[in-house]
Amino acid sequence: MNEPVIDRTAYPHWRDVPTRWKDNDVYGHVNNVVHYSLMDTVINTWLIEEAGLDIHEGPAIGLCVESRCSYHASVSFPQVISVGLRIGRLGRSSVRYELALVAGDTLVAEGDFTHVFVGRRTRRPVEIGPPLRPAMERLLLPHA
């Protein structure tokens with residue numbers, strides 16, 4: 001069986017995340033819930049560090065309204081997972097992040113998260129503006 005090949009240039013942002021001892025399940029591999037946690041962590045770290053999201057006092061917050069993950073290969077502690085991030089769709093108040101999880105040269109999983117940005121207090125959709133939008137545009141797929 002051929003392993004899926006990943007084009008690393010298709011993902012403008014990469015972050016290495018080490019697996020932890022507690023990530024392994026009773027079957028000896030990283031449990032599926034960890035894949036979602038890694039994706040969520042990479043997205044939110046990028047939003048805070050690169051896009052200027054103020055998670056404590058900012059007027060808007062991103063709520064995850066949809067997520068998906070397709071698993072291709074097993075990984076286990078103590079491997080490092082490289083997580084690639086790009087934006088597949090950027091709307092007025094929503095964004096779909098697309099991610100690739102890679103261990104060595106092996107594509108472990110692919111997934112996506114959709115955030116809708118809402119007012120911190122109102123919880124009603126708000127337009128994605130600066131500084132988030134310009135940062136997101138840098139990760140936007142060329143065809144999107």
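1. Is Asp-112 buried or exposed? In this predicted model, Asp-112 is buried, its relative accessible area being 11%. Asp-112 belongs to strand β5 (residues 106-119) and Arg-68 to strand β2 (residues 60-71), so the bridge links distant parts of the chain, 44 residues apart. Arg-68 is partly exposed, with a relative accessible area of 38%.

2. Arg-86 and Glu-98 form a salt bridge through their side chains, at 2.8 Å from N to O. Because Arg-86 sits in strand β3 (residues 80-90) and Glu-98 in strand β4 (residues 94-103), the pair ties together parts 12 residues apart in sequence. Arg-86 is buried, at 16% relative accessible area, and Glu-98 is buried as well, at 13%. A network of salt bridges links Arg-86, Arg-96 and Glu-98.

3. Glu-49 pairs with Arg-15 in a salt bridge whose closest N and O atoms are 2.6 Å apart. Glu-49 is in helix α1 (residues 32-49) and Arg-15 in strand β1 (residues 13-18), so this contact ties together parts that are 34 residues apart in sequence. Glu-49 is exposed, with a relative accessible area of 51%, whereas Arg-15 is partly exposed, at 26%.

4. The whole structure contains 5 salt bridges.

5. The largest pocket has a volume of about 160 Å³. It is lined by 14 residues, and those closest to its centre are Pro-59, Ala-60, Pro-130, Pro-131 and Leu-132. The lining comprises 9 nonpolar, 3 polar and 2 charged residues.

Conventions. Residues are numbered from 1 along each chain as its sequence is written. This is a predicted model: local features need pLDDT of at least 70, side-chain atom pairs count only at pLDDT 80 or more; totals for chains, interfaces and linings use all residues. Side-chain values use heavy atoms; hydrogens and water are left out. On a 1 Å grid over the protein atoms alone, a cavity is a set of points where a 1.4 Å probe fits but cannot get out, and a pocket is an open set with protein on both sides within 12 Å along at least five of seven lines; lining residues have an atom within 4 Å of a point. Grid points are joined across faces, edges and corners, and a volume is the space filled by probe spheres set on the points. Ala, Val, Leu, Ile, Met, Phe, Trp, Tyr, Cys and Pro count as nonpolar, Asp, Glu, Lys and Arg as charged, and the others, Gly among them, as polar. A salt bridge is a side-chain nitrogen of Lys or Arg within 4 Å of a carboxyl oxygen of Asp or Glu. Helices (H or I, at least four residues) and strands (E, at least two) are DSSP runs, numbered from the N terminus. Buried means under 20% relative accessible area, exposed over 50%, partly exposed in between (1.4 Å probe, protein chains only).
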